[in-house]
Amino acid sequence: MASRLTAVDDFDLVIFGATGDLARRKIFPALFRRHSAGHFPDGARIIGTARTPMDDSGFRADIAAAIAEFDPPRAGDPGLPAFLGRLFYVPVDATGAEGWADLAARMRKDVVQAFYLSVAPALFGDIADRLSGHGIAGSDARIVVEKPFGRDLASARALNRTLARHFTEGQIYRIDHYLGKETVQNLMAIRFANILFEPLWNAHYIDHVQITVAETVGVAGRAAYYDHAGAMRDMVQNHLMQLVCLIAMEPPWRFDPDAVRDEKLKVIRALEPVPESDIVRGQYAADGAGYRADVGNPASRTESFVALKLRLANWRWQGVPFYLRTGKCLAARTSEIAVVFRKPPHSIFDAEERQKPDQLVIRLQPNEGINLMVMIKEPGPGELRLVEVPLDMSFAEALGVDIPDAYERLITEVIRGDQTLFMRGDEVEAAWAWADPVIRAWEEGGAQPASYPPGTSGPDEALGLIGRDGRHWRNLQS
């Protein structure tokens, strides 16, 4: 089955921070894959900017090296020279005057203009001011900003005000790469395009929801950022919150950017405050090593693991707990959502203790796909024995397509002008308004994070969080 393409208009995409790690590791390989798929018109151009002095040919050589390093199978692609021919480079000082006139001279006014700020949030205001002051960004220009979008509610509001000085909300695209994953978008298709699930999608039939984002790596290489942020800011307030929204939202009146985001906002505003007893923070530790050694801070209380129980104050989800966990140095790399249904109200089978609840498991990584775990009769003669089996659909296998990377989809949606997969300003602020009291209580308290050995499922306290409700976490599986 071939992947169908939706054509995009001619564009100039300017990437600030074009020599940085994110651009080289994710953005340019994603752009090359879209080019190779034939998604870009002939006149599409990509302009890199950074402080590093460089010309077009030097920049093209640098991006060719980045593709060879981060997407090796495509390094010898015969389409690479044509892609590199789309690339241009302008040295720009984000906080000064140098380079802006040169960038203005490179820009076209009769095509889609998109400005991707792959830089620290502290530079958002300087760049926005200069794009406007030098007349570079047209009235329909789009500006893309990466997370972290603020450190708390106050800083998120300040960033929103900074961008709003020169751009309307309809021009601002706040990226959360989780929303670009094929499976995350399929969550909406499963819920709202199939009558099978929607009648069951409520407290009458669902026992609880588990959301897990686990990584096997530690924080080495991101120590400076991570020890300042922690798992709550880095993962829960944005990525996991977005997954909660997509699971819990009401059907929007249509598949429209603001209609979808209106319903997500209602979910965040319905979140009840989280008591301290419903939060577990952990930190991986080992003899002579561990998190504190990785960040070079022997007194650090920053969490590398968080587990918490959320409750929603609305009719659909009253009494249904949402259990979230995320962490570093865990037993497997996996991201999944498990919707666990209630058991039948009466079992006709003798082996009732072996009857497990049905589960809808949405895998985000690795091997994106969906499992519906159901009970069937175990094959063979003799007594009727129940066994749990998955009705498994791996998207790559079932549809025979190469699943696009999240950045491929998100950048394409920016060019198309579709904001459905991007966070709105009030949505970001609402998420911080919920998260701030949780983080503040932790930072003001004197408790140390619970220790857990690398390669495990996290601290024992996380098992107790869900275990005291008579439930258990799903096993971490890569």
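Guide: Helices (H or I, at least four residues) and strands (E, at least two) are DSSP runs that are numbered from the N terminus. The model is a predicted one, in which local features need pLDDT of at least 70 and side-chain atom pairs count only at pLDDT 80 or more, whereas totals for chains, interfaces and linings use all residues. Residues are numbered from 1 along each chain as its sequence is written, and side-chain values use heavy atoms, with hydrogens and water left out.

Visitor: Where is P366 found, and which residue does a cis peptide bond join to P366?

Guide: P366 is in the loop between β13 and β14 (369-377), and the cis bond joins Q365 to P366 with omega at about -15 degrees. Another cis peptide bond runs from K147 to P148, with omega near 5 degrees, and P148 has its place in the loop between β5 (142-145) and α6 (153-164).

Visitor: Why is α8 called roughly perpendicular to α9?

Guide: The axes, which are lines fitted to C-alpha atoms over the stretch in contact, with angles from 0 to 180 degrees between N-to-C directions, come within 9 Å for α8 and α9 (residues 257-270) and cross at roughly 110 degrees. Angles of 65 to 115 degrees count as roughly perpendicular (under 35 is roughly parallel, over 145 roughly antiparallel, the rest oblique), and α8 is therefore roughly perpendicular to α9. The contact (heavy atoms within 4.5 Å) is made by M241, Q242, V244, C245, L246 and A248 of α8 with K264, V267 and I268 of α9. These residues divide into seven nonpolar, one polar and one charged, where Ala, Val, Leu, Ile, Met, Phe, Trp, Tyr, Cys and Pro count as nonpolar, Asp, Glu, Lys and Arg as charged, and the others, Gly among them, as polar.

Visitor: Why is the pair of Y284 and Y452 edge-to-face?

Guide: Rings of Phe, Tyr and Trp (its six-membered ring) pair if their centres lie within 6.5 Å, and planes under 30 degrees apart count as stacked, over 60 as edge-to-face and the rest as tilted. By this rule there are 13 aromatic pairs. In Y284 and Y452 the ring centres are 6.4 Å apart and the planes stand at 70 degrees, so the pair is edge-to-face. This pair links distant parts of the chain, with Y284 in strand β8 (residues 279-286) and Y452 in strand β16 (residues 450-452), 168 residues apart.

Visitor: Which residues line the largest cavity?

Guide: On a 1 Å grid over the protein atoms alone, a cavity is a set of points where a 1.4 Å probe fits but cannot get out, a pocket is an open set with protein on both sides within 12 Å along at least five of seven lines, and lining residues have an atom within 4 Å of a point. The largest cavity is lined by L179, V184, M188, L246, V260, K264, T420 and L421, and α7 (182-192) and α9 each supply at least two residues of that lining.
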